[in-house]
Amino acid sequence: MLDVPIALKGAPGSPYTRKMLALLRYRRIPYRFLQSAVDGREPDAGLPQPKVGLLPTFYLPAADGELEAVVDSSPIIRRLEHEVLGRSVIAPDPALAFIDFLLEDYGDEWLTKAMFHYRWHYPADIERGGEILPRWRNLAASDAEIAPMSAFIRDRQISRLHVVGSNETTAPIIEASYQRFLSLFDAHIRNGPFVLGQRPAAADFAIFGQLTQLTGFDPTPMQIALESAPHVFAWVGVMEDLSGLEPTRDHWFDRDALPETLRGLLEEVGRVYAPALLANAAAVNQGADEVRTEIDGRPWTQKPFPYQAKCLQWLRSERARLDGEDRAFVDDLLYGTGCEALFQAP
């Protein structure tokens with residue numbers, strides 16, 4: 001059994017933390033949010049440590065009943081589906097659940113490129129990130145104490161831009177994709193107002209997590225959103241706390257009446273994320289030192305990212321689990337979007 005309130009460690013500047021906090025609120029799952037904001041001390045003393053230090057970290061019972069530190073938001077969402085019933089974020093239609101899985105992965109793994117890029121590429125964003133992120137860890141610190149922490153964070157994060165694939169070659173691709181996404185999502189939520197209908201799915205929370213930073217913190221992408229996609233800017237504010245929403249089964253889209261705007265989102269996934277996933281997986285499999293491909297008619301280079309090679313495997317596994325009719329529906333929906341390349345034999 002799952003003990004509540006659930007303890008999780010996170011930070012306001014972590015899009016995945018914001019993703020999961022909003023999901024817990026919507027699902028009305030009691031939680032205890034651990035932050036080191038008061039005096040800078042780590043709030044997880046006495047708790048188990050994760051194998052990889054990522055945020056958010058959930059502290060959940062293992063098979064032996066002892067607490068373990070768990071990271072990776074997508075499998076945590078699906079674990080909570082099994083352990084806490086009601087107010088599901090996974091559509092009962094397996095085909096729509098797969099589309100949700102694909103769009104959640106896009107939000108987590110492609111939109112984060114825009115988030116990381118804008119934060120550590122432009123001077124105004126670098127300045128804000130450097131000034132505020134360390135203060136979120138220690139509200140009692142003096143300006144003199146914050147200064148070296150700010151310099152450390154700026155230097156460290158700028159040096160890690162290559163991890164998500166942000167560099168001078170890829171910057172135009174990332175920025176053009178962000179702007180297209182805003183336009184496509186602005187149009188789509190007018191039919192929803194969520195990804196799969198009148199109730200949020202896992203993909204909504206993934207997209208929301210990234211947008212809390214892109215439209216709510218970092219000045220450059222925030223201004224772009226305000227000017228080009230005010231609906232999206234407003235949507236982020238609404239998504240923060242959906243605990244008062246009363247969803248019904250009828251609030252999911254019917255697979256036979258999907259809005260054309262959903263296909264528009266899938267075309268963007270196929271345009272940028274699919275070729276990035278495929279090229280990355282090939283580089284990882286070959287043991288290459290660099291990913292080199294073309295995305296949206298431009299050259300793309302980055303360091304291989306083993307985790308995203310696993311993402312491709314998980315997507316293929318989820319599609320393989322669909323029965324014949326559901327898989328045929330998904331394949332027909334994806335045909336011509338570019339996403340179908342993810343599931344074709346090499």
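1. In this note, two residues are in contact, or touch, when heavy atoms of theirs lie within 4.5 Å. Leu334, for instance, touches Phe98, Ile99, Leu102, Leu266, Cys339, Glu340 and Phe343, leaving aside residues up to four places away in sequence.

2. The structure is a predicted model, in which local features need pLDDT of at least 70 and side-chain atom pairs count only at pLDDT 80 or more, while totals for chains, interfaces and linings use all residues. Residues are numbered from 1 along each chain as its sequence is written, and side-chain values use heavy atoms, with hydrogens and water left out.

3. Confidence is expressed as pLDDT, the predictor's confidence in each residue, from 0 to 100. The protein averages 96, and 100% of the residues score at least 70. Helices (H or I, at least four residues) and strands (E, at least two) are DSSP runs, numbered from the N terminus. Among these elements, helix H8 (residues 202-214) has the highest mean pLDDT, 99, and helix H6 (residues 161-164) has the lowest, 92. Where pLDDT is low, predicted coordinates should not be read in detail.

4. An open sheet contains four strands in the order E2-E1-E3-E4, with mixed pairing. Its edge strands, each pairing on one side only, are E2 (31-34) and E4 (67-70). On average, neighbouring strands of the sheet are turned by 25° against each other, direction ignored. Two strands are said to pair if DSSP finds at least two bridges between them. Strand E3 (residues 57-61) runs antiparallel to E4 and is joined to E4 by four bridges; Leu60 has Glu68 of E4 as its bridge partner.

5. Helix H1 (residues 15-27) lies across strands E1 (6-9), E2 and E3, and runs at about 160° to E2. Such angles run from 0 to 180 degrees between N-to-C directions, with axes fitted as lines to C-alpha atoms, for helices over the stretch in contact.

6. At 0% relative accessibility, Thr17 counts as buried. Thr17 touches Gly10, Ala11, Phe33, Leu55 and Pro56, again without residues up to four places away in sequence. The C-alpha atoms of Thr17 and Ser73 are 8.6 Å apart, although 56 residues separate the two along the chain.

7. Pro56 is located in the loop between E2 and E3 and is buried, with a relative accessible area of 4%. The peptide bond from Leu55 to Pro56 is cis, with omega near 0°. Residues touching Pro56 include Leu8, Tyr16, Thr17, Met20 and Val70. Pro56 and Leu21 are 35 residues apart in sequence, yet 9.2 Å apart in space, C-alpha to C-alpha. A cis peptide bond also joins Gly192 and Pro193, with omega about 15°; Pro193 lies in the loop between H7 and H8.

8. Which residues of helix H2 (residues 73-83) are buried? They include Ser73, Ser74, Ile76, Ile77, Leu80 and Glu81. Seen down the axis of H2, the buried residues fall within an arc of 165°, so they line one face of the helix; the arc is that of the directions from the helix axis to the C-beta atoms. These buried residues pack against E1, H1, E3, E4, H3 and H8.

9. A nonpolar core is a set of buried Ala, Val, Leu, Ile, Met, Phe, Trp, Tyr and Cys residues joined through side-chain atoms within 4.5 Å. The largest has 90 residues, and those with the most contacts inside it are Leu80, Phe185, Leu211, Trp235 and Leu334. Helix H3 (residues 94-121) contributes the largest share of this core, 15 residues.

10. His188 belongs to helix H7 (residues 171-188) and counts as buried, at 0% relative accessibility. Among the residues that His188 touches are Phe194, Phe253, Pro259 and Leu265.

11. Strands E5 (residues 291-295) and E6 (residues 298-302) pair in the antiparallel sense over five bridges, with Val291 opposite Gln302 of E6. Their hairpin has two residues between the strands, and Asp296 there takes a positive phi near 55°. Asp296 is partly exposed, with a relative accessible area of 32%. Arg87, in the loop between H2 and H3, also has a positive phi near 55° and is a residue other than glycine; at 13% relative accessibility, Arg87 counts as buried.

Methods:
Buried means under 20% relative accessible area, exposed over 50%, partly exposed in between (1.4 Å probe, protein chains only).
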